[in-house]
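Please open the model in a viewer and follow the stops below in order. Each stop names a selection and then describes what is found there.

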Amino acid sequence: PEVELGDYKELEIDYKVPEVEAAAIDAQIEQMLQQQAITEQSEEPAKEGDRVFYQVIADRAEIEDGEEANIIPERFNSTIIEPESEAQNQWPYPGFSQNLIGLSIDGEKDVVYTYPEDHEDENLQGVEAIFHITVTNIQTVSLPELDDEFAKSASDFETIEELRADIEEKLKEQQEQEYDSTYNDQVIETLVEQSTIKFPPQMVENEKKEMISNLEYRLSQQGINRELYLQIRGITEEEFQAEMEPLAKDRIKNGLVLAEGAKIENLEIDQTQLAAEAGRTVEAITSGMSPKDAKDFQKSEYLWGLMNSIMADMMTQQSMTYLRAIAKGDPLPNEVSDEPETEEGEDVPEKEATPDVEADLEGSAEEDTTPEAEIESETVEETAEEGSAPETEETPEVEEPASETEEDEPESK
């Protein structure tokens, strides 16, 4: 592969984490109130505030050639009937629970709803659907008073103010993590667009195989095989392979850009962190092994491939941290002194010797093991030389296929 980076030192992307809204805090508290709610069976027609259990099935109002009539198989669900202004996040569409008002147990109703053109599920965009609803049970819901006594019973805090402050802090941390992930993606996408990247078609095929292998492993944890996954999504093997193509190319480009940045800036891995990460990984893998098998593993070729993978991943993360600092306008990591501050005349402690990673690994393999830890198949990731970026997707969903296909000649941006 060949990489010519754009002017990454001029990267400048605004960084502003959105503030936590009061409505988000209120929603969290509402969930806590619901968890402590007292429910009673009701024979009266459903009203706002009631919990309604129902059965629903949905079909297309109009069926075109090749389309399945059913879009939501028959299923049972329950929901609290919320005011229309507060029911925007309901399933199967915003404000659905309002249709349950006035229905009694065993009552039935047909509702027509048209999904918007920009709906997140492409299979439902612009679809007019007919929902058949049957109510199976109704409960009245009595919520506790929102006071300090509730805060004490529902949390470790003494007052509602303390509880709200804790919720706000946790939501803030969550929003920062989500924003950081999106921001990192934006930094890489911007740099990829500014760079010239060439790589052979075989790299795409290898990346696709690795991505599919990881996907199959995640699916297997849910009891789903590849064939069933394709059936659930309603796509063929050919369509599946086609949509993996652009995803593989993007991963290669991202990985190559990060690896080149690390190379140009002569970034180095902290040996203490490397030893710690390697030790944790080996301990997790060997935890279910006998002492003999653990020793054999420590001497195997797989271990050193694993080490290369860990090093490549850490280098990629370090490169991402460096580029992110440039884009934000923060001090670069290598410009921040790691030396401890001292008073005048005070001696600076000597740095500890660089840890022996190999010795650490051997020690981890010889420790007593327990059978609880699982061996994750995704532990072995692509090396930086292969150009693979760390995988961020955790769900088995994949993006829509792009029209781009790999040519015989290496791709050039």
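**Confidence**

Colour the chain by pLDDT, since this is a predicted model. The protein chain has an average pLDDT of 82, and 81% of the residues score at least 70. Which elements of the protein chain have the lowest and the highest mean pLDDT? Strand β8, residues 411-412, has the lowest mean value, at 39, whereas β5 has the highest, at 97. Next select residues 336-413, where pLDDT stays under 50. The model has 152 contacts beyond four places in sequence for this stretch.

**Strand β6 and Q139**

Select strand β6, residues 128-142, and within that strand Q139. Is Q139 buried or exposed? Its relative accessibility is 16%, so Q139 counts as buried, the cut-off being under 20%. Now display the contacts of Q139, leaving aside neighbours within four places in sequence: the partners are T39, E40, S42, D50, R51 and F53.

**The loop between β4 and β5**

Move to the loop between β4 (70-80) and β5 (108-114), where P92 is found. The peptide bond joining W91 and P92 is cis, with omega about 5°. D106 is found in the loop between β4 and β5 as well. Although D106 is not a glycine, its phi is positive, at about 75°. D106 has a relative accessible area of 60% and is therefore exposed, as the cut-off is over 50%.

**Helix α4**

Select helix α4, residues 201-220. Does the distance between its ends agree or disagree with the expected span? At 1.5 Å a residue, the 20 residues of α4 should span 28 Å; the end C-alpha atoms are 29 Å apart, so the two values agree. Then show the side chains of the buried residues in α4, which are M203, V204, E207, K208, M211, I212, N214, L215, Y217, R218 and L219.

**N266, between α6 and α7**

Continue to N266, in the loop between α6 and α7 (271-286). N266 is a residue other than glycine with a positive phi, near 55°. With a relative accessibility of 61%, N266 counts as exposed.

**The α7 and α9 pair**

Select α7 together with α9. How do the axes of these helices cross? The axes of α7 and α9 come within 10 Å and cross at roughly 135°. The two helices are therefore oblique to each other, and their crossing is right-handed. On the α7 side, the contact is made by Q273, L274, E277, A278, T281, V282 and I285. On the α9 side, it is made by Y302, L303, L306, M307, I310, M311 and M314.

**T321 in α9**

Remain on helix α9, residues 301-328, and select T321. Its relative accessibility is 44%, so T321 counts as partly exposed.

Terms used. Residues are numbered from 1 along each chain as its sequence is written. This is a predicted model: local features need pLDDT of at least 70, side-chain atom pairs count only at pLDDT 80 or more; totals for chains, interfaces and linings use all residues. Side-chain values use heavy atoms; hydrogens and water are left out. Helices (H or I, at least four residues) and strands (E, at least two) are DSSP runs, numbered from the N terminus. The expected span of a helix is 1.5 Å times one less than its number of residues. Buried means under 20% relative accessible area, exposed over 50%, partly exposed in between (1.4 Å probe, protein chains only). Contact means heavy atoms within 4.5 Å. pLDDT is the predictor's confidence in each residue, from 0 to 100. Axes are lines fitted to C-alpha atoms, for helices over the stretch in contact, and angles run from 0 to 180 degrees between N-to-C directions. Angles under 35 degrees count as roughly parallel, over 145 as roughly antiparallel, 65 to 115 as roughly perpendicular and the rest as oblique. A crossing is left-handed if the near helix is turned anticlockwise from the far one by less than a right angle, and right-handed if clockwise.
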